[in-house]
Amino acid sequence: MNLAVDSPWLLWGLLLNGLPLLNQGMRLHDQPWLTLLPVDRLSQALSLLLKLVAMLVITSLILGLAGLHRREQSRERIGKGAHIVLLLDRSNSMDDSFAGRTPEGREESKSSAARRLLTEFIQHRQTDRIGVAAYSTAPLFVMPLTENKIAVEAAIAATATPALAYTHVAKGLGMALSFFQDQPLTGSRSIVLVSDGAAAIDKDDELKLRAWFQQHQVRLYWLFLRTANSPGIYDVAQDSRDDNAQAMPERYLHQFFSSLKTPYQAYEAESPDALKKAIADINELENQPLHYVERLPRQDLSNACYVLATVCLGLLLAAKFLEVKKC
Amino acid sequence: MIIYPVLRDYRSIFLLVTLLAMLGLFIKPVSQQYAPQYNFTFVVDITRSMNAADYKIADQAVSRLEFVKHQLRALLHHLPCSTKIGLAVFTERRSSLLFEPVEICTSYTELDTAISKLDWRMAWAADSNIAKGLFNTLAMLQKSHSTVVFITDGQEAPPVNPSYLPDFAAMKGKAKGLIVGTGGLQAVPIPKFDAQGNVSGFYQQDDVPHRSSFGQSNLDPSQIEGYDARNAPFGSKAVVGNEHLSALQESYLTQLAHQAGLNYTRLTDLEPLQQALQSPEFSTQQLAPVDVRGYFAAVALLMFCCIYLPPLSSVWHWFRLKKTKDNVYVD
């Protein structure tokens, strides 16, 4: 049942229950000799009942005062959804528009478009557990995997503050993958990487990431916010001398992701609309059966106590009118 | 008339009053009262000097950052439920907001986990200029209604040229907040880490710059040895100092707090920190529903118990009855 009270010391008041046992609580009439009266089972039962009702009034008032409640409970359920870690790029360039300049007038920066659309996205994902990580030169742990949508929204809203430094995607991915450690393997797990650039990943990191993606069974979605006239992820080098990870990090990062043994999907978005489509697509894909824990908030029972007390009081008052009156 | 004789019994009156009190309870269960509300954004310094271990938790030496995390997590239990808390980290010349303030009670687990995951390795750059960091943080959070709580040890690296301090004049009076000084007053070595994150000794005197060599020198050129206006504005002599050791720079932080119009407190224990945070100037009075059912219920309980208290008259009655009985036996 998980019942609890806020102020346990008030429970000493339950001793007041002794009062109705000591005292009839009704007008007594003198009788010359009680032994003269025959034993009346009904009267005895009624007298006991009235005492019990009075004790019920005292008990429920005390429990109400002490703040009886049912503790927050969790219930396991099966629904559709996923464990999603949003990995957000906080490098300086995210604050530019899709045209690659400081946003003017109605223009929207890449980060604000991502912020707006991701907020919409999480509002549609009621049963998901969502976590947030960010990265620039170093990875930032922002919000653990949680059902609490308000907290996730607060984390996404915080990207409205100015961005940081450069892009170190390998560390960011490592941080995002660490969210799945010690988490039950249920439903689909995915990382949504939102970035506007890429960086070369060295061989050591590549090995580790490859192993971790497989170990934790994590899918990867890469929302690549492509700036106009910048290299895309599907570009092919014009000159073979440029065909390396330093010169074309986007292409090579995409190749690395494609070679992972877990599902991977890339979206190249060159405008807020394209980003919207990509997010809608992820929304469709991430609907596998998921064991999730539904939290039932703390339930206040003091009002029920007060209602019970009032009903019992009504009964006692009714009984009062039935008392024998000797005027 | 049936009512009248019933009312002649005092118990009926008490019972009616009890019922009336319960009626009141259901009519007005809550009353709107002004209650202080707090909204804090904790900005935690995660620069290297915060790794210096000069605090203790249960007789174990812990780093300043560990201690700050420990105290912030404990604080979550001690601030009122409706308090909103946001988190940011400071390094270099500015801070990065991790998340906007969320309510403690509804997001307790999330806040607790996020604080416990704060790490010096989150730093995106390795130097530390606290005056500029504070200035940029105040500017960044000026539009939010959050109180900035800047938690730092005041150790700057490289040392700052005093001629290039930000001007807090524009900020003064607009921002409210608290600077929390962490660390001991005794200088202690700063641990050094290798690429795997293991401690590999401490910073030595040769590892760090001991004076600012940025911009123009604030000293009189004739006093500087080996001065050259273009090539050596700070002179040619190598300066050695104690910048590889770190202590709480309290005078510097109080001066900053004074310039920016903030409060200052030193992090020692939970209670002083909590008091400094729950100062009236950081609270906004907001109308909030307060549960007043308890008052009605208490009155009802009191009245109801009176019915069952053995009244004086009945005690006397009982005695008299006994006496009469005794008389009967005598007869």
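Gln217(A) is located in the loop that runs between helix H6 (203–216) and strand E7 (218–225) of chain A. In this predicted model, the phi angle of Gln217(A) is near 55 degrees, a positive value in a residue other than glycine. With a relative accessibility of 45%, Gln217(A) counts as partly exposed.

**Backbone geometry in chain B**

- A positive phi also occurs at Glu92(B), where the value is about 60 degrees although the residue is not a glycine.
- Glu92(B) belongs to the loop between strand E5 (84–91) and strand E6 (94–103) of chain B.
- Its relative accessibility is 16%, so Glu92(B) counts as buried.

**Domain organisation**

- In chain B, domain 1 comprises 3–29 and 295–330, and domain 2 comprises 33–208 and 243–288.
- For chain B, the C-alpha centres of domain 1 and domain 2 lie 62 Å apart.

**Helix packing in chain A**

- Two packed helices are described by the angle between their axes and the distance between the axes.
- Helix H3 (residues 110–124) of chain A packs against helix H4 (residues 149–157) of chain A at an angle of about 170 degrees, and their axes are 10 Å apart.
- Because angles over 145 degrees count as roughly antiparallel, H3(A) and H4(A) are roughly antiparallel to each other.
- On the H3(A) side, the contact involves Arg115(A), Leu118(A), Thr119(A), Ile122(A) and Gln123(A).
- These residues meet Lys149(A), Val152(A), Glu153(A), Ile156(A) and Ala157(A) in H4(A).

**Aromatic pairs and a charge over a ring**

- Over all chains, the structure holds 13 aromatic pairs.
- One of the aromatic pairs is formed by Phe141(A) and Phe179(A), which are stacked at 4.8 Å centre to centre with 20 degrees between the planes.
- This pair links distant parts of the chain, 38 residues apart: Phe141(A) is in strand E5 (residues 139–146) of chain A, and Phe179(A) is in the loop between helix H5 (169–178) and strand E6 (188–195) of chain A.
- Phe141(A) and Phe179(A) are both buried.
- In chain B, the ring centres of Phe40(B) and Phe282(B) are 6.5 Å apart and the planes stand at 85 degrees, so this pair is edge-to-face.
- Because Phe40(B) is in strand E2 (residues 39–45) of chain B and Phe282(B) is in the loop between helix H7 (270–277) and strand E14 (284–291) of chain B, the pair ties together parts that are 242 residues apart in sequence.
- Phe40(B) is buried, as is Phe282(B).
- Trp222(A), Phe224(A), Phe256(A), Phe257(A) and Tyr264(A) are linked into a cluster by ring pairs.
- Lys192(B) lies over the face of Tyr203(B), at 5.7 Å from the ring centre.

- Ser195(A) is placed in strand E6 of chain A.
- Its relative accessibility is 1%, so Ser195(A) counts as buried.
- Leaving out residues up to four places away in sequence, Ser195(A) touches Asp89(A), Met94(A), Tyr135(A), Trp222(A), Leu223(A), Phe224(A) and Leu225(A).
- Among these contacts of Ser195(A) are Trp222(A) and Phe224(A), which also take part in the ring cluster.

- Strand E3 (residues 55–57) of chain B contains Tyr55(B).
- Tyr55(B) has a relative accessible area of 10% and is therefore buried.
- Although 127 residues separate Tyr55(B) and Thr182(B) in sequence, their C-alpha atoms are 9.1 Å apart in space.
- Thr182(B) is among the residues that Tyr55(B) touches, not counting residues up to four places away in sequence; the contacts also include Gln60(B), Phe67(B), Gly181(B), Gly183(B) and Leu267(B).

- Asp119(B) is found in the loop between helix H4 (108–116) and helix H5 (130–140) of chain B.
- Asp119(B) has a relative accessibility of 21%, so this residue counts as partly exposed.
- Apart from neighbours within four places in sequence, Asp119(B) is in contact with Ile46(B) and Leu65(B).
- Asp119(B) and Asp9(B) are 110 residues apart along the chain, and their C-alpha atoms are separated by 73 Å.

Definitions and conventions. Residues numbered from 1 in each chain as written. Chains lettered and ligands numbered in written order. Predicted model: local features only at pLDDT ≥ 70, side-chain atom pairs only at ≥ 80, totals over all residues. Heavy atoms only, no water. Phe/Tyr/Trp six-rings, centres within 6.5 Å; stacked < 30°, edge-to-face > 60°. Helix = DSSP H or I, 4+ residues; strand = E, 2+ residues; numbered from the N terminus. Buried < 20%, exposed > 50% of the residue type's maximum accessible area, 1.4 Å probe, protein only. Lys NZ or Arg CZ within 6 Å of the ring centre and 35° of its normal. Axes fitted to C-alpha atoms, helices over the stretch in contact; angles between N-to-C directions. Parallel < 35°, antiparallel > 145°, perpendicular 65-115°, else oblique. Contact = heavy atoms within 4.5 Å. Domains from an automatic or database assignment.
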